[in-house]
Amino acid sequence: MDSLKQGEVYGSESGGRYEVVSKLGAGGQGEVYEVSDNGARYALKWYFKRSATPRQKDIIENLIRIGAPDSTFLWPQDVIVDTDGDTFGYVMPLRPPHFRGIADLMKRRAEPTFRALCRAAFSLTRGYEKLHEAGLAYGDISFGNLFLDPDNGDVLICDNDNAASADVAPTVYGTPRFMAPEIVTGVAKPSRNTDLFSLSVLLFNMLMLHHPLEGELEKNIKCLDVPAMNRLYGTNPVFIYDPDNAANRPVAGEHDNAIVYWGVYPPRIRELFTRAFTAGLDCPAKRVTETEWKNALANLMFSIVVCDCGAELFCGDNPPTCWSCGRVLAVPVSLVSGRSRVLLQSGAVITSHHANGDYDIDTVVGTVVQNPANPALWGIRNDSRTDWTYIKPDGTQLSVPPGKSAGIAKGFQVDFGELVSKFI
């Protein structure tokens, strides 16, 4: 039986009046409803009485005071207490219907492009970094709390009521298969470092469509009970591609996603995952940071080339061979700025991240265009509001005002104002 009824109206602590529209779902802590306040629609998580503790309410009210780390989060924004005072709920933005769960990605019910997938991975990483910068740990990074738009890679993070600072006793410790080994073994509580492990597990699942610790050792387990799971994910975890321990390699016919996709991604991505699940298993200080993931994922997103057969490939320094048709593709000229790199191919854009190093991958400051008088010549049109400086190999400098283009030629440079970038 539902706790709330359609048409009921509840007043909030901030003075809002929310009418129950419909029930959206239920979980272990409570039920979620769509509600309306003066025509605006929101989601309301209504706690079961056993979960509506004073500590949980304090956490929610503190999160409201802090405010959302960024727009990625469906963050608590108002509290409703029932008339008897023995339970409560919180109001948050309503998830748009076109967003899909990460589980849909794993089960191939959602098929984003590589570019959308990389953008989603980048945005999730940036969102959790913002949360950590606010002094909070999420504590439960997993499939169930994330949604993405498969068309463009937009992401939303929900169930933020469990995020808490280090001085607050956690209400959850994580989701099985995503928890850091020290959480599984009970020697630690949620923190930024345990979040970093869970984030790496999530990213591996998103990119490889497989779990990083589930190979031959997992396949040979006859009953995946609690002791077996504790051993596999806590006391004796082994990365499926550990370079020094082949005991848990993925098994052909059972773990084909891992086998196929591991070879699709460039060395830098594989290096980060290897560190995350070897040195990072036992030493939280050696886990991959959000900044490292952001640098790698941004470069990954802007390194995609599309074969004539339609397949997407990640392009590095060497000509890539299409995994679909076997054709060898040429490597486009790249623009390198600090740690960032973007392939300068038809339709490519230069973002604020490439020009300023600020990890803003959405603000376009330049576009790769053809010379209208000579289509064989290509350049980067200045779509920003400030002049660039074009630097020839002999040191000659030319101004490139907004609307004008800098020719693409190896050995030349562009000074965007914050970073000097080179064509290679």
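## Exercise 1: two helices in contact

Phe197, Ser200, Leu203, Phe204, Leu207 and Met208 in α5 meet Ile269, Phe273 and Ala276 in α9, where contact means heavy atoms within 4.5 Å. This is a predicted model, in which local features need pLDDT of at least 70 and side-chain atom pairs count only at pLDDT 80 or more, while totals for chains, interfaces and linings use all residues. Residues are numbered from 1 along each chain as its sequence is written, and side-chain values use heavy atoms, with hydrogens and water left out.

**Task.** Sort the residues of the contact of α5 with α9 into nonpolar, polar and charged, then describe how the axes of the helices cross.

**Solution.** 

Step 1. Ala, Val, Leu, Ile, Met, Phe, Trp, Tyr, Cys and Pro count as nonpolar, Asp, Glu, Lys and Arg as charged, and the others, Gly among them, as polar. The contact of α5 with α9 then gives 8 nonpolar residues, 1 polar and no charged.

Step 2. Helices (H or I, at least four residues) and strands (E, at least two) are DSSP runs, numbered from the N terminus. Axes are lines fitted to C-alpha atoms, for helices over the stretch in contact, and angles run from 0 to 180 degrees between N-to-C directions. The axes of α5 (residues 192-208) and α9 (residues 267-276) come within 10 Å and cross at roughly 140 degrees.

Step 3. That angle makes α5 oblique to α9; angles under 35 degrees count as roughly parallel, over 145 as roughly antiparallel, 65 to 115 as roughly perpendicular and the rest as oblique.

Step 4. The handedness of this crossing is left-handed, meaning that the near helix is turned anticlockwise from the far one by less than a right angle.

## Exercise 2: another partner for α5

**Task.** At what angle do α3 and α5 pack, and which residues meet?

**Solution.** 

Step 1. Helix α3 (residues 114-133) packs with α5 at an angle of about 170 degrees, and their axes are 11 Å apart. The two helices are therefore roughly antiparallel.

Step 2. From α3 come Leu117, Ala120, Ala121, Leu124, Thr125, Tyr128 and His132; they meet Arg192, Asp195, Leu199, Leu202, Leu203, Met206 and Leu207 of α5.

Step 3. By class, this contact of α3 with α5 has 10 nonpolar, 2 polar and 2 charged residues.

## Exercise 3: a sheet with a helix on it

**Solution.** 

Step 1. Look at β5 with β6 (residues 88-93): 4 bridges link them in the antiparallel sense, and Val81 stands opposite Phe88 in β6.

## Exercise 4: a second open sheet

**Task.** Walk along the sheet β15-β14-β23-β22-β19-β20.

**Solution.** 

Step 1. Its 6 strands have antiparallel pairing. β15 (340-343) and β20 (397-400) each have a single partner strand, so one side of each is left without a neighbour in the sheet. Neighbouring strands here are turned by 25 degrees against each other on average, direction ignored.

Step 2. Begin with β14 (residues 334-337), joined to β15 by 4 bridges; Ser334 stands opposite Leu343. Their hairpin has 2 residues between the strands, and Gly338 takes a positive phi near 60 degrees there.

Step 3. Next, 2 bridges join β14 to β23, with Val336 opposite Lys422. β23 (residues 420-423) also pairs with β22 (residues 413-415) over 3 bridges, where Asp415 has Val420 as its bridge partner.

## Exercise 5: domains

**Task.** How many residues of domain 2 and domain 3 are in contact?

**Solution.** 

Step 1. An automatic or database domain assignment supplies the bounds: domain 1 (9-93), domain 2 (100-298) and domain 3 (304-423).

Step 2. In the contact, 14 residues of domain 2 touch 9 residues of domain 3. The C-alpha centres of these two domains lie 32 Å apart.

Definitions and conventions
Pairing = 2+ DSSP bridges.
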